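Welcome! Take a moment to look at the structure, and then follow the notes below.

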Amino acid sequence: MAKIVTRNLDLWYGNFKALKGVNSAFEPNKITAIIGPSGCGKSTLLRVFNRMNDLIEGVRMTGEVLVDGENILNGNTDLVILRKKVGMVFQRPNPFPLSVYENIIFGEKIHGSSATRHKRDDIVEESLKSVLLWDELKDKLDKSALSLSLEQKQRLCIARLIAVKSDVVLMDEPCSTLDPQATARVEELMRELKNRYTIIIVTHNMQQAARVSDDTGFMLLGELVEFGNTHEIFTAPKDKRTEDYITGRYG
Amino acid sequence: MRNPHRTQKIAFAFLFLAILLILVPVGLIVFVIIQKGLPGISWQFLSDMPRQGMRAGGIFPAIIGTIYLASGAILFSLPIGLLAAIYLSEYAKDNLLTRIIKLAIVNLAGVPSVVFGLFGLSLFVVFFKFGASILAGAMTLGILVLPVIITASRTALESVPQSFREVSLSLGASKWQTIRHIVLPNAIPGILTGVVLEIGRAAGETAPILFTVAAFYLPQLPESVFDQTMALPYHLYVISTQVPNVAEKIRYGTAFVLLAIVLSMNLIAVIMRNKFRKLKKW
């Protein structure tokens, strides 16, 4: 069963229709890439899944977005529970101006279980290990997270999310500020994480989508033009517009 | 023909002159007060009651009164101001009404202090029946400093990057948790700046305490918040204009003490602010 399903999803920013009748299904334990030119609505779609668009005034949505079968566009959706389940990694690495340790433990602090120091230490170690930062940072847990390199920061942000124990990881161009080597390492990490998570990544970089994802959706002007197996989309696109984009006629 | 070097020199001269115009009077004031006031300073002057119609003895009750009033004003205005600022910057929608409210708060900061004094007299002294008391005076001063506290706190809260709020919310934090754990700690340096400015202002203002608390001559310490008290700015006014034949060193000594209290309160807050700033950087 798909983890996230959208049915006839429309979204308006005021009078501007940013998403037009999006139908899609995101499978668990897969990486789904959303590609498309700037302003096509791919980040907007991503931010529907954890309702981050709510922060913008004048947003309106119709249709259905099901997460684990529940429509999250209902008025009575608990955003705290939703966002705990559907986490997000942002384009710019954005650790809090706190220590490495406190960054990771933030979710624990927020979600209230008054964990013992010992249990917190375990969470920090486990989370840092799953993003392969533990060996680099185990002696620097008290250092400010702002002193880390960009790649370390982005990994830390992923670790902070892992500590919250989400099911879904939304990634909004997570590698756009990283160099090619760091990008390759983060992609490797994504492949490892997909065994445990549903990963949806928005990317500008078609090569990245082709390399890392299982499914791909191509968006243009608010429409989800084509959605399916990554290999098929890149080798035998059904829609002329997808083909034009992939072959680099516009972008 | 224009000579860029000469225009550069002229511009520099004017800018330098402007700085000089600011620095010279400030420097002169401080210099004169130190020169004429320092000889009057002694342990006895600081710790003794005034005597012989304030022509001798010390200014201890006025010092204590000023400390009570300034700290009372901050105690009263900081919680209210901070809560109002949090509401305005984090919760209130940006519409005509909130814009009018924000503008009104900024304008309130420009209202002459004597108007606040009269307001305090009618509201706290008369209507709430606090009488002329520390409570009424501190609250009047509190209202006087409230606009700047609100505006400084609001600016500090708004300068915390939006991305911090987004991440926090995206991790499942509620709005209040985000404010409490992320926004507020990062806004503290800016909020303290507002407090710094306003402690000095509350300690130095005369008009708001004139009708609400200040005693002309009261050679004893206040025992409760419902007592009147002497205060340095008013005492200075009294011994400079109302009581004849007060020695110059007593007048300037009082001014020196007032200046020293204001500056040391500012200094404490500046140190606190720098400490926080070192911890929180982005």
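Predicted model: local features only at pLDDT ≥ 70, side-chain atom pairs only at ≥ 80, totals over all residues.

Helix α6 of chain B covers residues 134–158, and at 1.5 Å a residue its 25 residues should span 36 Å. The end C-alpha atoms are 34 Å apart, which agrees with that expectation.

**Helix α6 of chain B**
- Follow α6(B) along its length and you will find a kink of about 40° at Val145(B), shortly before the proline Pro147(B).
- This helix is mostly covered, with 22 of its 25 residues buried.

**The sheet in chain A**
- Six strands of chain A form an open sheet with mixed pairing, in the order β6-β7-β8-β3-β9-β10.
- β6 (86–89) and β10 (223–229) of chain A stand at the edges with a single partner strand each, so one side of each has no neighbour in the sheet.
- On average, neighbouring strands of this sheet are turned by 20° against each other, ignoring direction.
- Strands of a sheet pair through backbone hydrogen bonds, either parallel or antiparallel.
- β9 (residues 215–220) and β10 of chain A pair in the antiparallel sense, over six bridges.
- Leu220(A) has Glu223(A) in β10(A) as its bridge partner.
- Helix α6 of chain A (residues 150–164) lies across β6 and β7 of chain A, and runs at about 170° to β6(A).

**Chain A as a whole**
- Chain A has ten helices and ten strands.
- A compact globule of 251 residues would have a radius of gyration near 18 Å, and chain A agrees with its 18 Å.
- Of the 251 residues in chain A, 44% count as buried.

Methods
Residues numbered from 1 in each chain as written. Chains lettered and ligands numbered in written order. Helix = DSSP H or I, 4+ residues; strand = E, 2+ residues; numbered from the N terminus. Expected span 1.5 Å × (residues − 1). Bend = angle between axes of the 7 residues up to and from the residue. Buried ≥ 20, exposed ≤ 12 C-beta atoms within 10 Å, placed from the backbone. Pairing = 2+ DSSP bridges. Axes fitted to C-alpha atoms, helices over the stretch in contact; angles between N-to-C directions. Contact = placed C-beta atoms within 7 Å. Rg over C-alpha atoms; globule rule 2.2 N^0.38 Å.
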